Amino acid sequence: MTSAEVSRRRALRAGLGGVAAALLSGCAEDSVPVRRLRCATGPRGGPYNAFGRALAGAVTAGGQRLEIVPVGTAASVDNLRRLDDGSAELALAMADAAEDAVLGRAPFSRPAAEVTALARVYVNYTHLVVPADGPVRSVQELAGRRLAAGEAGSGVQVLAGRLLRAAGLTDGRSPVQERRLSLADSVDALREGRVDALMWSGGVPTPALSALAREVPLRFLPLDRFVSALRERYGPVYTAVTLPSGVYGLNEPVATIGVGNYLMARADVPGPLVGELLQVVFDQWQSLLRDVTAGARLEPRFAISTGAVPLHPGAKAYYRSVYG
């Protein structure tokens, strides 16, 4: 056998081997099981739960090899703990609570090394609500009164504590009496007079508050003067935003505090799955946010602004591949 024939046979064997490998690879790809990811959301009826259910539906409709399973929780702080301990692979959380987790600040006892961000998806607006015919017209007039200040384990609880400290209402002779209540229970308590005010951080409009405003005339207290103090102590996660006139029956805008919301993942979620998920988020953001907050728009330059919370390596790869 000549050397030329030997070379041809070797080339043929290599070519057939390559074809076989490609066929096996294709079969393996077709047989890849659907990857199930648990997403820690929030209480039923809340915006995180709505977003999580919408995301699960969009992923299923898109035919990805993913299944998103929304898990009801107390929201941000609870979600971050689940992400860190591995009982959830995905989560939604407010930016301030997420930074606390990553930096190991209270209420977290240590830095949460597994916590990463995929995107900043929308902004929460802080609502501090009292009956319009009641005596409370400013934050300082909450002294000694009962405030529904968010469910235990929620981001609202964190923000309420910080706001009350900034206003000097956590000590002294007449500290605010904080009640740990979910949004639904807070609305019922305000309607029935069991609390004097409620605090909520969410999209605009929040359906539960819209419904309450149709039953009870409400006053929304301005909070913008506390933004600087909060930023000075906790960083730029807090911004000045405005509840627009018309929403909740407001006759004029109300300046308040804004806090971003992050879609998050454990660091060990494979990068390609993160890329698939983010493709759905950016393709379907209008439907995902429709029942969460009005007028929001998801843009890459906005989405990558996650402060001290690191982007997941798969998220970095996705943004580079799509936007350069």
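Student: What share of the contacts between residues at least 6 apart in sequence join residues at least 24 apart?

Tutor: It is 76% in this protein. Contact means heavy atoms within 4.5 Å. Keep in mind that this is a predicted model, where local features need pLDDT of at least 70, side-chain atom pairs count only at pLDDT 80 or more, and totals for chains, interfaces and linings use all residues. Residues are numbered from 1 along each chain as its sequence is written, and side-chain values use heavy atoms, with hydrogens and water left out.

Student: How many helices and strands are there?

Tutor: The protein has twelve helices and ten strands. Both are DSSP runs, numbered from the N terminus: helices are H or I with at least four residues, strands are E with at least two.

Student: Why is serine 210 called buried?

Tutor: Its relative accessible area is 17%. Buried means under 20%, exposed over 50%, and partly exposed in between, with a 1.4 Å probe and protein chains only. So serine 210 counts as buried. Serine 210 lies in helix α7, residues 207-215. Leaving out residues up to four places away in sequence, serine 210 touches Pro205 and Tyr248.

Student: What is noted about the backbone at Pro205 and Tyr248?

Tutor: A cis peptide bond joins valine 204 to proline 205, with omega about -5°. Proline 205 is in the loop between β7 and α7. Tyrosine 248 has a positive phi of about 60°, although it is not a glycine. Tyrosine 248 sits in the loop between β9 and β10. With a relative accessible area of 11%, tyrosine 248 is therefore buried.

Student: Is proline 135 buried or exposed?

Tutor: Exposed, because its relative accessible area is 55%. Proline 135 is in the loop between β4 and β5. Among residues beyond four places away in sequence, proline 135 touches Glu141 and Arg145. Proline 135 and aspartate 196 are 61 residues apart in sequence, and their C-alpha atoms are 9.3 Å apart.

Student: Which other strands pair with β4?

Tutor: β7, residues 197-202, pairs with β4 in the antiparallel sense over five bridges. Here histidine 127 stands opposite tryptophan 200. β8, residues 218-220, also pairs with β4 in the antiparallel sense, over three bridges. There proline 131 faces leucine 218.

Student: Why is threonine 256 counted as buried?

Tutor: Its relative accessibility is 1%, so it is buried. Threonine 256 lies in strand β10. Its contacts beyond four places in sequence include Tyr125, Thr126 and Val227. A polar atom of the threonine 256 side chain lies 2.6 Å from the backbone oxygen of threonine 126. A polar contact is a pair of N or O atoms within 3.5 Å; within protein, one must be able to donate a hydrogen and the other to accept it, and residues adjacent in sequence count only if both atoms are side-chain atoms.

Student: Why are the buried residues of α8 said to be on the same side?

Tutor: In α8, residues 227-234, the buried residues are Val227, Leu230 and Tyr234. They cover an arc of only 70° around the axis, which puts them on the same side of α8. The arc is that of the directions from the helix axis to the C-beta atoms. The face turned away from that side carries the exposed residues Ser228, Glu232 and Arg233. The cover over the buried residues includes α4, α5, β9 and β10.

Student: What makes arginine 162 sit over the ring of tyrosine 234?

Tutor: The charged end of arginine 162 is 3.8 Å from the centre of that ring. The rule asks for NZ of Lys or CZ of Arg within 6 Å of the ring centre and within 35 degrees of the ring normal. Arginine 81 likewise lies over the face of phenylalanine 108, at 5.4 Å from the ring centre.

Technical notes:
Pairing = 2+ DSSP bridges.
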